[in-house]
Amino acid sequence: MTLMTDFIRFWIILEIMGIIALPLAWRLFRVLPGRGYPFAKALGLLLTGYLLWLGASFGWLRNAAGGAVIAMAMVAGLGLWLVRNHRQAWIADLKSQWAYMVGIELLFLLVMMGWALFRAYNPEISGTEKPMEIAFINGVYHSSQFPPRDPWLAGFGISYYYFGYVLLSMLAQLSGVAPTVVFNLGLAAIVAFAVTEPLGLVYALVVGDREMSGKTLWGWVYGLLAGVFVAFMGNLEVLLEALHARGWLSPQLLHFFDIKDLASAPVTGRFNPDVGGWWWWRASRVIHDYNLARTSSQEVIDEFPQFSFILGDMHPHVLAIPFAFLMIAVAMAIFYQPRWENKAGENGVWDQVRRGFGLEGWGLPLTALLVGGMGFLNTWDFPIYLFLITLAYALHRGYDGLGLGKRLWQEIAAVFVSLAVLGFIFYLPFYLSFSSQAGGALPNVINPTRFVQFFLMFGVFLTALGWLLLAAWPRYAVRWRLFFQWLLGVWLLPAFFLGFSILAVVIVPSWRERVTGLLGSAVGDIVAAIVRLRITTPFTWLIVGVMIAFVAVLLLQVWRRDGKDADLETQGAPSLRIPEQSLVFALALFGTGLLLVYVVEFVYIKDTFGTRMNTVFKFYYQAWLLMGVASGYALYYLHTRGRRWLKVVGIGSVLLLTMIGLLYPAFAIPSKANQFQGKPTLDGAAFLQRYQPDLYNVIQWIEQNVPEDAVIVEAPGRSYSDDNFISAFTGRATLLGWGGHELQWRGSYEEPGRREPLIEAIYTSRDPQQVSQIVQEFGISYMIVGPKERARYHISPINEKAYLRLWEPVFTSGPYTIYRWRGASNP
């Protein structure tokens, strides 16, 4: 009963978020079929969370349910104010869209319930980075003001993009559901978003097509297919897993595909690779990098949403999914703004930009606030969606009749700069307290991606795009000369960039010494090895380059022709689409996704790992979302525009590959859920009560008796371990938690490194004055002595008795004892 009650309360709060944002969503997305209804919940969450965070950062609001309610009222008030002159039209649209809205709600509820059931059979907040994530959620939940306290570095605020954890904490506060339950319910809701929002995007593209009858039905069909592409389909590596498990992959094929650890996986004699363990993990490591000598592997992450949903981590790239689709919807709405007669000679650039974003001049700052939120949610995503929205504006102005001239470039620059600057300013308190491990961009010279691995990752989307290009290309008088000009540019620019990078290493003595020292070879040998490697592994560079050139030329050709044919409309919200306008936007999504996967062939962001691991991870993930949506429309285009053989072969081949990708959840979901055995629960801490009851008792005692702002001390922990569960599950800040992760978040180990010997002194020093100084410096109130502390600091019973001079035991459960500093006041 508790499971269902928690689900209902959480779901009701999500519904209320959608309701309060409904007027604003209607104003933002009025030009889209469906009027933006699938994005109302995400819009309400982002704006409410922003106002709560901003208020708590300046002391205007308290981070609690009351503060969240005030923020919700402000969002509702803003929406109602913006529809004050359009109420009749708004109400009429609500009445006309009721069936669509009910369908979206039923689908959202069904998917959320289904994934909540799956999580109920593997809800444990344990393993990978889940302890870190619950630490952040609890750190935010127990902080009355922002920035929130870092539970693993007492005295410091969280130095991470933590907005997603603010939203989860806010939902926990409003619903009254425990954070350890919200952890799993939040993931179930994200899966539902990842189905309904792509559906809403493709539905808008399809229903806006004036050349097709029965559009509503096909909008649902291809919209649902887009939801499958994004949320449920795995990559094609699962086919290799099945064939290897059956014993049908030879050693030569295993070597050819080179999937990390696949050759050592057991052969079961059946297609299902599940023999226990996390076999499904390998699908997130399809791209296999090596050092220059090809003697050792380098870790590369190529996650996709279904992997993330099965893994169950609530990392920022997962928390940002609903808002990534919201950004695509914002870009689409800008692209489909009513066309105005070009008044370039009468109005200035900024006047036109303000008008282009609509909402009576409020559209530009509101869009900046929304896209700026991506930087707070998952900083890597900010420039991606800033680019997409700017591109959408440029394409929109083309349909206004503005050609590729100076004025258009001025407006593009104005849009990009204004969104970037305002998006930064709106979230300035976050950036002022944020430090990062990122160290600038570096050339990727030694790790070109093998195309066979690239196709295993994106094969469904590349196939859909290929057939789309084949269907659309003959409809336009595309000049092949223009295509080859683009192709040469796409191929040669990165090649020149790498060439100049290598030349710089050869010429600059300090760089040459550093590289030769790092790689242990003479510079001539290094250059020869790089050239040989690039020549023998060219196909991702060449093939993706070809697809980018095709997309760019076709997009420009369709855009220019349609822009000339477009009828100018100056009022109301009429049917805005001309025959191929939806195609242009789909090509923009494909093009943005292809650029993301192309960039990492030549550039990566330097971090503490020293490889392109995180750059591939972050860029591939967004490419999956963008191309997943675009692929849904691509199949619709084949269905309506393609010749008969194209419909059969094109749609059939994409669906065949999709069915292969769906083997991944079919095999992995029962495996991760332990065949749905055991007692279901959504409480991510229930496993502690069952398997570590003494630790669970300690956590419960601290939750009930220790002030939220109290500082505790426990042994520092190892990353990706079960260390520091007490601080993680209570949100009470410890002196130092996962030190390795603090290095990643802050880019420096100076402060964590300073604290390690001080913590050791607290547990081992016989000098009361030294211990007292440390305790007073950090305001420590409680000390944990458990199995990890005893093992690390060799605490004997005699040594523990010595603590009584300075510490008072206040709670004991099994091997755990909580001591309170005798100088601390009672709670």
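Colleague: Which residues lie nearest the centre of the largest cavity?

Modeller: The general idea comes first: rolling a probe the size of a water molecule over the atoms shows where empty space is left. In this predicted model, the largest cavity has 15 lining residues, and Leu-45, Leu-168, Leu-171, Ile-190 and Phe-323 are the ones nearest its centre. The space inside the largest cavity comes to about 140 Å³.

Colleague: Which helices each supply at least two residues of that lining?

Modeller: Those are helix 1 (2-20), helix 8 (163-175), helix 9 (179-207) and helix 15 (321-335). Sorted by class, the lining of the largest cavity has 13 nonpolar residues, two polar and no charged.

Colleague: And what lines the second largest cavity?

Modeller: Its volume is about 60 Å³. Among the lining residues are Trp-26, Arg-35, Tyr-37 and Asp-93, and helix 2 (22-28) and helix 5 (87-96) each supply at least two. Here the classes are five nonpolar, two polar and two charged.

Colleague: Let's turn to pockets. How many residues line the second largest pocket?

Modeller: There are 31, with Phe-387, Leu-391, Trp-486, Ala-552 and Leu-595 nearest the centre of the second largest pocket. This pocket holds about 870 Å³ of space.

Colleague: Which helix gives the largest share of its lining?

Modeller: Helix 26 does, with seven residues. Others that each supply at least two include helix 18 (381-399) and helix 22 (480-507). The pocket lining has 27 nonpolar residues, four polar and no charged.

Technical notes. Residues are numbered from 1 along each chain as its sequence is written. This is a predicted model: local features need pLDDT of at least 70, side-chain atom pairs count only at pLDDT 80 or more; totals for chains, interfaces and linings use all residues. Side-chain values use heavy atoms; hydrogens and water are left out. On a 1 Å grid over the protein atoms alone, a cavity is a set of points where a 1.4 Å probe fits but cannot get out, and a pocket is an open set with protein on both sides within 12 Å along at least five of seven lines; lining residues have an atom within 4 Å of a point. Grid points are joined across faces, edges and corners, and a volume is the space filled by probe spheres set on the points. Helices (H or I, at least four residues) and strands (E, at least two) are DSSP runs, numbered from the N terminus. Ala, Val, Leu, Ile, Met, Phe, Trp, Tyr, Cys and Pro count as nonpolar, Asp, Glu, Lys and Arg as charged, and the others, Gly among them, as polar.
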